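I opened the model to look up strand pairing first, then backbone angles. My notes follow.

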Amino acid sequence: MRGSFFGDALILLLEHTEEGAAGLVLTQSTGTPIHELLPDATDAQGEALLGGPVQLQVGWCLYERPVGGAGELRLVEGLMATTHAETFAQVRQSAQRYWLLLGYAGWSEGQLEGETREGAWLWLEDATPELLWDTPAEARWQRALDKLGVDPSRVAAGGAQA
């Protein structure tokens, strides 16, 4: 859950294969209202999040319930995703909660495993969409650590305790 590029980051891991991994950072706001980024989305509420440093021109919409749109992916119960602009419009029209994230975080073959062995990441393997829906972005990292029962002041890289 912690990465050097983003400091205290909570990552939603989307894919993890032998070729590499990809995920979305859930803790960093861009500070820019969505309707300023997407002038055609005047009805969009909230600020966009920075999903990661890769392909910032690609927007990911995370939302709660299916809308039957193109490219709709069910990640876990209560958490859907799409990169399709038309589906994002359907989500906004459905009056449900959503987040728009720009870009994604990526790891090359073996990189995530190596960083995990070095103690750079902790894994919260439970389906926990409430971290996204019920917790402000800036508090998600700490809330995830609380769910794990981890005190970050007692964790050091390499697995050694301070």
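I count two strands as paired if DSSP finds at least two bridges between them. The model is predicted, and I read each entry with that in mind.

Entry 1, strand pairing. I looked up E2 against E8. Strand E2 (residues 20–25) pairs with E8 in the antiparallel sense, over 3 bridges. I picked out Ala22, and its bridge partner in E8 is Gly106.

I moved on to strand E4 (residues 47–50). E4 and E8 pair in the parallel sense, over 2 bridges. Here I found Leu50 opposite Leu102 in E8.

Next I checked E5. E5 and E8 run antiparallel and are joined by 6 bridges. Trp60 stands opposite Leu101 in E8.

Is E8 largely enclosed or open? I found 7 of its 10 residues buried, so E8 is largely enclosed by the rest of the structure. The cut-off I used for buried is under 20% relative accessible area.

Gln55 has a positive phi of about 50 degrees and is not a glycine. I placed Gln55 in strand E5 (residues 54–63). Its relative accessibility is 40%, so I list Gln55 as partly exposed.

Ala95 also went into the notebook. Its phi is positive, about 60 degrees, although Ala95 is not a glycine. I located Ala95 in the loop between helix H2 (85–93) and strand E8 (98–107). Why does Ala95 count as exposed? Its relative accessibility is 71%, and exposed means over 50%.

Technical notes: Residues numbered from 1 in each chain as written. Predicted model: local features only at pLDDT ≥ 70, side-chain atom pairs only at ≥ 80, totals over all residues. Heavy atoms only, no water. Helix = DSSP H or I, 4+ residues; strand = E, 2+ residues; numbered from the N terminus. Buried < 20%, exposed > 50% of the residue type's maximum accessible area, 1.4 Å probe, protein only.
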